[in-house]
Amino acid sequence: MPSNIELKVSGMTCGHCAQHVTDELTELSGVSNVMVELEAQGISTVIVITDSDISDADLREAVSEAGNYTVEEIIR
């Protein structure tokens, strides 16, 4: 059964940032979709839809690999 994980991410300022984060998160095993609500001057919301359990560390690492972005909060 798919589940949603909500990430609050700082540092994303444009569509390219959102695409980099989406690309990295989509590479994680079990991720079926990623949706980004970009807040260029604040905290963006990233929804990760997954069929498997993904650790907080893996989520944070993927966002970090996408660029100079920080996961401020993970809501399950």
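What pattern does the protein follow, read along the sequence? The answer is β-α-β-β-α-β, with two helices and four strands. Helices (H or I, at least four residues) and strands (E, at least two) are DSSP runs, numbered from the N terminus.

A word on the source. This is a predicted model, in which local features need pLDDT of at least 70 and side-chain atom pairs count only at pLDDT 80 or more, while totals for chains, interfaces and linings use all residues. Residues are numbered from 1 along each chain as its sequence is written, and side-chain values use heavy atoms, with hydrogens and water left out.

Now the salt bridges, each a side-chain nitrogen of Lys or Arg within 4 Å of a carboxyl oxygen of Asp or Glu. The structure holds three. One joins the side chains of Glu6 and Lys8, at 2.9 Å, N to O.

Next, Arg76. Its side chain meets that of Asp53 at 3.9 Å, N to O. That pair links distant parts of the chain, 23 residues apart: Arg76 lies in the segment after strand S4 (70–75), and Asp53 in the loop between strand S3 (43–50) and H2. The side chains of Arg76 and Asp56 also form a salt bridge, at 2.6 Å, N to O. Here the partners are 20 residues apart, with Asp56 in helix H2.

How exposed are they? Buried means under 20% relative accessible area, exposed over 50%, and partly exposed in between (1.4 Å probe, protein chains only). Arg76 counts as exposed because its relative accessibility is 52%. Asp56, at 35%, is partly exposed. Of the 76 residues of the protein, 37% count as buried.
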